2 protein chains.
Amino acid sequence: MTRFVLGSASQGRLGVLRQAGIDPEVVVSDVDEDALLASLDPELPPEAVVAKLANAKALSVAAALPQELLADCVVLGCDSMLYLDGRLSGKPGTPEAARRQWEQMAGTTGHLLTGHALLRLRDGVITHTEGDTGSTAVHFGRPSEAELTRYVDSGEPIHVAGAFTLDGLGGWFIDGIDGDPSNVIGVSLPLVQRLISRTGLSISEFWTR
Amino acid sequence: MTRFVLGSASQGRLGVLRQAGIDPEVVVSDVDEDALLASLDPELPPEAVVAKLANAKALSVAAALPQELLADCVVLGCDSMLYLDGRLSGKPGTPEAARRQWEQMAGTTGHLLTGHALLRLRDGVITHTEGDTGSTAVHFGRPSEAELTRYVDSGEPIHVAGAFTLDGLGGWFIDGIDGDPSNVIGVSLPLVQRLISRTGLSISEFWTR
């Protein structure tokens, strides 16, 4: 049986896959994202930036797999950022930065980009390398001052790309999206379904229910 | 403290609210939906049909509340249907009907309509009646024959409006949406946030985290 390896520590991504019937092995990459970002051509389009990060994560995870997974598995690497006003934003990191981000983006539209890299391994050899970037437009609402304070105080927006969660308290303040909602949480189900089918497998082979 | 009452047995709706920080009391209505639907003017626009059902559910639940909730609560009633090719579809009910629905809608776009009715009660009296219908365009993918068989066999599409789940196995076969994803699952968070604010409350008062 082919195993599904998620190369990410994100609880959001794990939750999306589990809700959709897959219970992946989780193997976290040790990619230095900041160093990799600093090494990239600054003219690279935003879709290519998240694709490069996703690819680096998938390769790092593939290189560290235990023997029983190397025999027959797929490895998925993902990287998400918010593209807003011509700029890519990752995780704000502090409450102050999360608040500034919301003051800037309330009432506007950004694009949540998630790069995906899927490797298929058989007997320790990478037989397929597939990848694509999903883009979903996100229309931000206008939380009141009190609501924004309460949201930032919850801690939720601080450690997520773009300082918002669609699958948490932030859902109250996202008026709508155009595109795939799972891409916003960090792993696009229809995109992964297509990548999987390009490796000759079907996504339903991985379902546990 | 004002309590939040969800007037629905839907696990999907409960999951959306919990993920978004609310742990509602669940009180299920005893509205005869088929009888109510049959009594409606057939010329009623689809948005009004789900609004009427949502309102009937909220009123039925409000009439059956235990004393401790009657003192100070909001009651939310919801009803969801898929509008496709000029026709409203509820739950298919059988595997055969779910399969037929998918054969019809694969590769096309439908609109998931969710009617919302929000009542505020103080000391046993309804002080506010608010309502609105959310509409989200859903772009259906094209599952392979084997994937569709596997999906129908899972049982998931049989008992949900429109024969698909965005928050389950069906997520692999929804290419994208335009609008609010929580509305597709059966309760629109930004819409409820607006209805709550019209009653003089703030949604963040109900958050448990």
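User: Happy to look at this one with you! In which loop of chain A does I158(A) lie?
Analyst: This is a predicted model, so everything here is computed from predicted coordinates. I158(A) falls in a loop of chain A, and the elements on either side of that loop are helix 6 and strand 7.

User: Is I158(A) buried or exposed?
Analyst: Residues with under 20% relative accessible area count as buried. I158(A) has a relative accessible area of 8%, so this residue is buried.

User: Which residues does I158(A) contact, leaving aside its neighbours within four places in sequence?
Analyst: A137(A) is 21 residues away along the chain, and its C-alpha atom is separated from that of I158(A) by 21 Å. With neighbours within four places in sequence left aside, the contacts of I158(A) are K91(A), P92(A), G93(A), T94(A), P95(A), A98(A) and V152(A).

User: Let's move to N183(A). Which backbone oxygen lies 3.2 Å from a polar atom of its side chain?
Analyst: N183(A) sits in helix 7, residues 181–185 of chain A. With a relative accessible area of 1%, N183(A) is buried. Residues that N183(A) touches, beyond those up to four places away in sequence, include T114(A), H116(A) and G134(A). The backbone oxygen at 3.2 Å from its side chain belongs to L112(A).

User: How many of the ten residues of helix 8 of chain A are buried?
Analyst: The buried residues are L189(A), P190(A), L191(A), V192(A), Q193(A), L195(A) and I196(A). Helix 8 of chain A is therefore mostly covered, and the buried count among its ten residues is seven.

User: What is found at the start of helix 8 of chain A, and which residue follows the helix with a positive phi?
Analyst: At the start, a side-chain oxygen of S188(A) comes to within 3.3 Å of the backbone nitrogen of L191(A). After helix 8 of chain A comes a residue with a positive phi, near 90°, and that residue is G200(A).

User: Now the two chains together. What area is buried between chain A and chain B?
Analyst: On the chain A side 35 residues are in contact with 34 residues of chain B. Carbon and sulfur atoms give 59% of the buried area. In chain A, R150(A), W172(A) and W207(A) lose the most area to chain B, together 27% of what that side buries. The area buried between the two chains is about 3,000 Å².

User: Which element of chain A gives the most residues to the side that touches chain B?
Analyst: Between the chains, twelve residue pairs are in polar contact. Elements of chain A that each supply at least two residues to the side touching chain B are helix 1, helix 6, strand 7 and helix 8. By class, that side has 16 nonpolar, ten polar and nine charged residues. The element that gives the most, with six residues, is strand 7.

User: How many salt bridges are there between chain A and chain B?
Analyst: One pair is R209(B) with E156(A), where the closest N and O atoms are 2.8 Å apart. Another is R194(B) with D175(A), at 3.8 Å. That pair crosses from helix 8 of chain B to strand 7 of chain A. The count between the chains is four.

User: Within chain B, which residue forms a salt bridge with E145(B)?
Analyst: E145(B) is exposed, with a relative accessible area of 55%. This residue is in helix 6 of chain B, and its partner is in helix 5, 46 residues apart. The closest N and O atoms are 3.0 Å apart, and the partner is R99(B).

Notes: Residues are numbered from 1 along each chain as its sequence is written. Chains are lettered from A and ligands numbered from 1 in the order in which they are written. This is a predicted model: local features need pLDDT of at least 70, side-chain atom pairs count only at pLDDT 80 or more; totals for chains, interfaces and linings use all residues. Side-chain values use heavy atoms; hydrogens and water are left out. Contact means heavy atoms within 4.5 Å. Buried area is the accessible area (1.4 Å probe) that two parts lose on being put together, summed over both. A salt bridge is a side-chain nitrogen of Lys or Arg within 4 Å of a carboxyl oxygen of Asp or Glu. A polar contact is a pair of N or O atoms within 3.5 Å; within protein, one must be able to donate a hydrogen and the other to accept it, and residues adjacent in sequence count only if both atoms are side-chain atoms. Helices (H or I, at least four residues) and strands (E, at least two) are DSSP runs, numbered from the N terminus. Ala, Val, Leu, Ile, Met, Phe, Trp, Tyr, Cys and Pro count as nonpolar, Asp, Glu, Lys and Arg as charged, and the others, Gly among them, as polar. Buried means under 20% relative accessible area, exposed over 50%, partly exposed in between (1.4 Å probe, protein chains only).
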